[in-house]
Amino acid sequence: MPVDPPARLAGETSPHGAGGQQRGAQRPPPRGSATSAVEVRRSARRSRTVSAYREGDRTIVLIPARMSEAEERRWVGVMLDKLAAQESKRVLGDAELTERAERLSAQYFDGRARPASVRWVTNQNTRWGSCTPAEGSIRLSHRLQGMPEYVVDYVLLHELAHLLVPGHGPRFWRLLEAYPRTERARGYLEGVAAGRLPHLPAERGE
Ligand SMILES: [Zn+2]
C-alpha cells in the first residue's frame, strides 16, 4: 500500500496558471496505466504541498519549484498510487464488481464462468479472493481496493476460472493464459504480500 504523504492530496485543483515558474514535462507514468500521460508542473508559489488530479486522459501533478528530480519521481509515484486508490474505491461497488466479472468471463472464457454473486469481504486477510463453485459465489478481499484495475481483474478472473476448474493444475493456468496481464498481476500481488502467495491453498475446493 502506498505510504501516506505528509503533503496535501488531490483535491487542490486549480493552482495552475496562478503564477510562479511552471515547467511542463511529459513523461510516461512510472507505474499504472500505460496509456495516460503524466504532466508535472512546478510552481514557485508552492513550498511544501504536492497535489494531483486528472485532466482528460492526463494526470497533472503539482509540485514545489525547488523539488529535486529524485523527489519529483518519488512524489509522482505516490500521487499516482493515491489517485488510483481513490478511483478504485469510488468506482467499484458490489454491483459493478459483478458486472465486471461478467464482462471478464465473456471476454476471456466465452462467458462459460457464470458468477451468481461477487462481493467485497473484509474478513479475508490471507487470500485475495475465494469462491464457492457450488453457489457460484466469489468474494474479493477488501485489501484489493486501491490496487490497479488489472490486478483486481486478475483476481476476478482467477476466481472465475475456479468456477470452471478446481485447483491449480495445467488446465487452470491455461485458462488464465488468455489474460495478457496474469504474470504482471501475480508479480504485483506477491510484491504487496511480501512473500505471501496471491492465493493460498484454501478449504472449499478453493
Ligand atoms: Zn486459486
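**Close-up views of a predicted model**

View 1. Apart from residues within four places of it in sequence, threonine 182 is in contact with Tyr154, Leu176 and Glu177. Threonine 182 belongs to helix H5, which covers residues 182-193.

**View 2. Packing of helix H3 with helix H5.** The axes of H3 and H5 are 9 Å apart, and the two helices pack at an angle of about 100°. H3 is therefore roughly perpendicular to H5, since angles of 65 to 115 degrees fall in that class. On the H3 side, Tyr150, Val151 and Tyr154 take part in the contact; they meet Thr182, Ala185, Tyr188 and Leu189 of H5. Sorted by class, the residues of this contact comprise 6 nonpolar, 1 polar and no charged ones.

**View 3. An open sheet of 3 strands.** The strands follow the order E5-E7-E6, and their pairing is mixed. Strand E5 (117-121) and strand E6 (129-132) are at the edges; each has a single partner strand, so one side of each lacks a neighbour in the sheet. On average, neighbouring strands of the sheet are turned by 20° against each other, direction ignored. The pairing of E6 with strand E7 (residues 137-141) is antiparallel and extends over 4 bridges. Cysteine 131 is placed opposite isoleucine 138 of E7.

**View 4. Helices lying across the sheet strands.** Helix H2, formed by residues 94-109, lies across E5 and E7 and runs at about 130° to E5. Helix H3, formed by residues 149-164, lies across E6 and E7, and its direction is at about 25° to E6.

View 5. Among the elements of the chain, helix H4 (residues 170-176) has the highest mean pLDDT, 95, whereas strand E1 (residues 25-27) has the lowest, 43. Over residues 1-35 the pLDDT stays under 50, and the model has 66 contacts beyond four places in sequence for this stretch. Residues 195-206 also have pLDDT below 50, with 19 contacts in the model beyond near neighbours in sequence.

How values were computed. Residues numbered from 1 in each chain as written. Predicted model: local features only at pLDDT ≥ 70, side-chain atom pairs only at ≥ 80, totals over all residues. Pairing = 2+ DSSP bridges. Axes fitted to C-alpha atoms, helices over the stretch in contact; angles between N-to-C directions. Contact = placed C-beta atoms within 7 Å. Parallel < 35°, antiparallel > 145°, perpendicular 65-115°, else oblique. Nonpolar A, V, L, I, M, F, W, Y, C, P; charged D, E, K, R; others polar. pLDDT = per-residue confidence, 0-100.
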